[in-house]
Structures are given as C-alpha cells and as structure tokens.
Amino acid sequence: MLYAALLVMVSITLTIVGVSALGQSQGELPALALAIPALWLLPQGGVSAWLLLIGLGTFGFVLPEQPVALAVSVFMMLPVFAVSFSAKSSWQLAVLLISIVLAMDVGLMALQAEGKLEGSPIYTIIQILAVGVIWIAARSWRSVEGNTWWPLFLVVPLWVGGLAHAALVALCVTGLIASLQGMAKSKLSEWVPRMMWILPAVGFATLVLVPWFDVPNPILVAWLLVLGGALLGEYLLEDPEEEL
C-alpha cells in the first residue's frame, strides 16, 4: 500500500517537474524528447507503444509552434475521451461533452486565426488528434515486462547539445510511464484511470501557479470549462439511476 501511494506521489512530482521544464523551454522541444519514452517501450509494448510513439511524436513536432499553456491544456481531453467513450456512457452524454469541448476549442482557434492568440488553428487540431491517439494507446495498454533501456541514452546528446530541458522532459515522461505501470501492478491499480484526471490537472495548474509562466486568460477559461464539463460527465456517469 505504501509502495503504491509512493508511486502516486512520484507520478505527480514527475508531472510538475516535466511541465516546469517544458515551460522553461518555451515549447522548443524536439520530437525526439517525446519519442524517447515510447521507444523505451518498444518492441515489447506492441501496437499500443507504436500508437504512443505516433501520438507523442506528432504532439512534439508541432509543439514549438504553439503556446505552452495551450499545448498542456489539450491533455484535459484525456478525461473527456474517457467519459465520452466509456461503456457506461450514453450518446447524449458524449454529444454534450464533445459540444462543450468543440465550443471552447473553436473559440481558441478563432483567436489564433485573428492573431489574438499565439499559434495556429491547424496545429491546435493536430495536438487534439495527437492526444486522442495517446488516449487510445493508454486505453489498450498492457504492462510491459522488461523494458528496453537503450533509448534512455538518447537523452545524452540532447543534454550535450544544450537541450537540458528537453532531456529532463524525456526522463520525466519515461519515469511517469514506469510509475503508472508499477501502479497498475499494485493494490492501487484502480487509481490508474484516476491519474488520467489528476495528472493533466496538476500539469496545467503548475503553469497557472508558477509566477514566471504566462497563461492567457482565454486558455485558462477554456480549460476550466472543459474540466467542468468532464467532471459533470463523470458525475452523470456514476449515478445514472439517481438522475432518472
């Protein structure tokens, strides 16, 4: 029990450190930094590891073109996907949540198109799709026995090349996956789906609370509304009989 609780704390700490390093890099993160964690899982991870590689690689590829706060906020789509496509969910609930998310995302992309918010609408769409691929990989995930450790050595050229923040992000993401795998094998395996809620919230809150990071108000408002919609969906999902 203590070991499992420790893994939860480690996961939260790695998220805070990783998002802080990402913020310090101002989004200048090479795709390799996010590909390293997925390579660490190959070939034992199978199709899920390849999907994770595609999702993280695509997300990292467009990351330099997007505001860091917006990129991190997109991961709030993970619980939205989880609730919308749950076996217990209804199509009405899925439509409600997706409508809320679309309204927020379209508003942000309109601001980008008008030049009032950094980034590009097409890159926002790509990041949302990338997070969707990451969610599919996580949903079909099976713990890997005996990870391939050689990809971790790829952080060395990143560090030597002056990309220390990128190397730190790669190590944090890899450590996060390892912690979640350890958690899935412990007595707190039921906490793994909850981490899909906790970690995106902790990551974005890190940017909001640390004073030297800038979170534009439209992104903050959109994130809060998406979070609120996801929580409402989770509530309706848990007590459908009481609502009737």
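1. Helix 10 and helix 11 are roughly antiparallel to each other, a label for angles over 145 degrees, where under 35 counts as roughly parallel, 65 to 115 as roughly perpendicular and the rest as oblique. Their angle is about 160°, and their axes are 12 Å apart. Axes here are lines fitted to C-alpha atoms, for helices over the stretch in contact, and angles run from 0 to 180 degrees between N-to-C directions. Helices are DSSP runs of H or I with at least four residues, numbered from the N terminus.

2. The model is predicted: local features need pLDDT of at least 70, side-chain atom pairs count only at pLDDT 80 or more, and totals for chains, interfaces and linings use all residues. Residues are numbered from 1 along each chain as its sequence is written, and side-chain values use heavy atoms, with hydrogens and water left out.

3. The crossing of helix 10 and helix 11 is left-handed, meaning that the near helix is turned anticlockwise from the far one by less than a right angle; clockwise would be right-handed. On the side of helix 10, R194, W197, A201, F204 and V208 make the contact, and on the side of helix 11, I219, L220, W223, A230, L231, E234 and E238 do. Contact means heavy atoms within 4.5 Å. By class, nine of these residues are nonpolar, none polar and three charged. Nonpolar covers Ala, Val, Leu, Ile, Met, Phe, Trp, Tyr, Cys and Pro; charged covers Asp, Glu, Lys and Arg; the others, Gly among them, are polar.

4. Helix 5 (residues 77–84) and helix 6 (residues 91–113) have axes that come within 9 Å and cross at roughly 155°. Helix 5 and helix 6 are therefore roughly antiparallel, and helix 5 passes helix 6 in a left-handed crossing. From helix 5, M77, V80, V83 and S84 meet L93, A94, L97, I98, V101 and D105 of helix 6. The residues of this contact divide into eight nonpolar, one polar and one charged.

5. How many of the eight residues of helix 5 are buried? Seven are, so helix 5 is largely enclosed by the rest of the structure. Buried means under 20% relative accessible area, exposed over 50%, and partly exposed in between (1.4 Å probe, protein chains only). The buried residues are M77, L78, P79, V80, F81, V83 and S84. What covers them includes helix 6, helix 7 (121–139), helix 10 (191–209) and helix 11 (217–238).

6. A search of the whole structure finds five aromatic pairs. In one of them, the rings of F81 and W135 have centres 5.7 Å apart and planes at 40°, so the pair is tilted. Rings of Phe, Tyr and Trp (its six-membered ring) pair if their centres lie within 6.5 Å; planes under 30 degrees apart are stacked, over 60 edge-to-face, and the rest tilted. F81 lies in helix 5 and W135 in helix 7, so this pair ties together parts that are 54 residues apart in sequence. F81 is buried at 15% relative accessibility, and W135 is buried at 9%.

7. F85 and W135 also form a tilted aromatic pair, 5.7 Å centre to centre with 40° between the planes. F85 lies in the loop between helix 5 and helix 6 and W135 in helix 7, so the pair ties together parts 50 residues apart in sequence. F85 is partly exposed, at 42% relative accessibility. F81, F85 and W135 form one aromatic cluster.

Terms used:
Helix = DSSP H or I, 4+ residues; strand = E, 2+ residues; numbered from the N terminus.
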